[in-house]
Number of protein chains: 2
Amino acid sequence: MTNDFPGSLAIGIDVGGTNTKYGIVNQKGDILSQSEMKTETFATPELFVDGLYEMLKPMMDSVPTGSHIKGIGIGAPNGNPFRGTIEYAPNLRWKGVIRLCEIVTKKFNLPSVINNDAKAAAIGEMTYGAARGMKDFIMITLGTGVGSGIVINGNVVYGHDGFAGELGHSTIRPGGRTHWGTGMHGSLECYASATGIAITANEMLDENPAVDSLMRQYKREEINSRIVTECARKGDKLANEVYKFTGEILGQALANFVMFSSPEAIFLFGGVTKAGNLIMDPTKESMEKNLLPIFQNKVKLIFSELKEADAAILGASALVWKLDEKSNSVV
Amino acid sequence: MTNDFPGSLAIGIDVGGTNTKYGIVNQKGDILSQSEMKTETFATPELFVDGLYEMLKPMMDSVPTGSHIKGIGIGAPNGNPFRGTIEYAPNLRWKGVIRLCEIVTKKFNLPSVINNDAKAAAIGEMTYGAARGMKDFIMITLGTGVGSGIVINGNVVYGHDGFAGELGHSTIRPGGRTHWGTGMHGSLECYASATGIAITANEMLDENPAVDSLMRQYKREEINSRIVTECARKGDKLANEVYKFTGEILGQALANFVMFSSPEAIFLFGGVTKAGNLIMDPTKESMEKNLLPIFQNKVKLIFSELKEADAAILGASALVWKLDEKSNSVV
């Protein structure tokens, strides 16, 4: 996975809108120490990095003798690996372009590298997870939104401007549901995200007033993908329909992605995957049905091997092992 | 474009269902000599290669003094670069797996390389055309079908099995028009190919019996994309609508491709591009409308620079310059 000397360690930092998780990771993907703090309490990125340093310093001081911290990897929404920045992230209180790598490197006196969170997850899977040794795969993160990290020929796809891999925004239902944020119609994220699943559940409850459902025990605005999953597991018909509908659309989108880059595997990751077979079975069926025969029964559709709780730190830390391959701040 | 010595020449062979075009090309993309012959008159691939040799021998004997033929590049439907084969091509009379490179190399005593025709076109554009120096672009061939060649980070995308880049078969209208060959519903090829355009024209004539149209001068089965173009250029309203409809769908599909790999440019190539602005304008408008803001007004959507008549030979010949980069029969 890396040619660094055995004592090499990496710091992984996952910057989220609410919480920031951080930890120290060895080359096998063991997290030696980890913790988290609130992101939004820090008024400026500089104060945020000062706060991080305070928390990480004791961890860094207590790494095993003979080990060495190689660098810092950061996963963040709208993280730009080419410029070492976070740019116009809608869910963070710091606006505009934030030169986070510069601030981090100055404070910690260590090289640092940033990437968007979905691409970091793909690199994490490639470094520590089930994608080890794979040269062509796609990671789809199904959370509040739908993110993606695409690996082709062993490299993450960035495109000519660093923005490649916005598969959540590809149109799968032309003229369909309006996206709450982009205003676009019928994008994958409108349906396959946790947000989309809650909308589908509400729509189905509205459209089937005569059908009894456990989901009716909840206030409409409370219904989320976790509740839909619980109801479906209890045998609720409508809740099961929600996942069938979601899987059919997700499978169609995945089939399109397969015919683009012919990956060996597609990994599903994120909160929605807690629905297990409820989401996996209809997605797989729909994907296979929408593939040309030459692609059928070849692509492994699997859940990520990284533990949800650790994945963010692991993904961010994995960026560090790639530090040498290109310039200092690009993986 | 290549580091070969100045006198290096390449043979380009484009195997089509009806005709095979061939020629000798220098490194600048000048075709020194070219001709064509019927493909289907040859009962076996061996006889076909014997025929090719008869035709090419005099051309090879008359190349300028001091020049040297480096190898043979072949573009063919279902050409597999990894195995040097044509595999199960529906439009050729030779069935199954044909080890064409082996037969060609034995007969000509020259290294040979094969690729599918759309990928050869992409390599041709990268070698001699408007994609020179580009690392990320997509070539879309709009002919009887819709083919594609995707280049990411300077390399053609093959995927884990060599079959990547079947963008014509991606679903853009779920539950839409049934594909005449695959039986799938609403794929891009159903609409944006010459075949699809003829179907759209016929549908629009049926659905608008009261609307006068120049297209009604033709027998229904005669109507093709050339006739639609001619009528549209004469101001025919319905014929113009055909291209607006086609462009809207093609643009939606291209927007999805852009959000996958963020290419610097998309090249359109093939017979349908003779419609010029009739197809370009609505496609561009629709593509931009369906992109996330971060991708808008960035991607060059342009027609291929290679002359239609020469492109097949140029594309095939371009494979030869890449012969050194990997193994003998892989580009």
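Helix axes here are lines fitted to C-alpha atoms over the stretch in contact, and angles run from 0 to 180 degrees between N-to-C directions. With that in hand, welcome to a predicted model, in which local features need pLDDT of at least 70, side-chain atom pairs count only at pLDDT 80 or more, and totals for chains, interfaces and linings use all residues. Residues are numbered from 1 along each chain as its sequence is written, while chains are lettered from A and ligands numbered from 1 in the order in which they are written. Helices (H or I, at least four residues) and strands (E, at least two) are DSSP runs, numbered from the N terminus.

**Helices that pack together**

- In chain A, helix α3 (residues 117-128) packs against helix α9 (residues 308-321) at about 75°, with the axes 7 Å apart.
- That angle makes α3(A) roughly perpendicular to α9(A); the scale counts under 35 degrees as roughly parallel, over 145 as roughly antiparallel, 65 to 115 as roughly perpendicular and the rest as oblique.
- Residues are in contact if their C-beta atoms, placed from the backbone, lie within 7 Å; among those of α3(A) are A:Ala120 and A:Tyr128, which belong to the group that meets residues of α9(A) including A:Leu314 and A:Trp321.
- By class, this contact of α3(A) with α9(A) has ten nonpolar, three polar and no charged residues. Ala, Val, Leu, Ile, Met, Phe, Trp, Tyr, Cys and Pro count as nonpolar, Asp, Glu, Lys and Arg as charged, and the others, Gly among them, as polar.
- In chain B, the axes of helix α6 (residues 225-233) and helix α7 (residues 237-261) come within 7 Å and cross at roughly 120°, which makes α6(B) oblique to α7(B).
- B:Val228, B:Cys231 and B:Ala232 of α6(B) make this contact with B:Ala239, B:Asn240, B:Val242 and B:Tyr243 of α7(B). The residues involved divide into six nonpolar, one polar and no charged.

- Five strands form an open sheet in the order β3-β2-β1-β4-β8 of chain A, with mixed pairing; two strands pair if DSSP finds at least two bridges between them.
- Its edge strands, β3 (31-38) and β8 (112-116) of chain A, each pair on one side only.
- Strands β1 (residues 8-15) and β4 (residues 68-76) of chain A are parallel and share seven bridges, with A:Ser8 opposite A:His68 in β4(A).
- Strand β2 (residues 19-26) of chain A pairs with β3(A) in the antiparallel sense, also over seven bridges, and A:Ile24 stands opposite A:Ser33.
- The hairpin of β2(A) and β3(A) has four residues between the strands, and A:Gly29 takes a positive phi near 95° there.

**Another sheet in chain A**

- Here the order is β11-β10-β9-β12-β13 (chain A), again an open sheet of five strands with mixed pairing.
- β11 (155-156) and β13 (300-303) of chain A each have a single partner strand, so one side of each is left without a neighbour in the sheet.
- Four bridges join β12 (residues 265-269) of chain A to the parallel β13(A), where A:Leu301 stands opposite A:Ile266.

**How the two chains meet**

- A rotation of 180° with 0.0 Å of shift along its axis superposes chain B on chain A, with an RMSD of 0.0 Å. The two copies are thus related as by a two-fold rotation axis.
- Copies are superposed by least squares on the C-alpha atoms of residues with pLDDT of at least 70 in both.
- Each chain gives 33 residues to the contact, and on the side of chain B the largest share, six residues, comes from α7(B).
- That side of chain B divides into 13 nonpolar, 13 polar and seven charged residues.
- The copies meet through the same surface, because 100% of the interface residues of chain B are also interface residues in chain A.

Key: Two residues are in contact if their C-beta atoms, placed from the backbone, lie within 7 Å.
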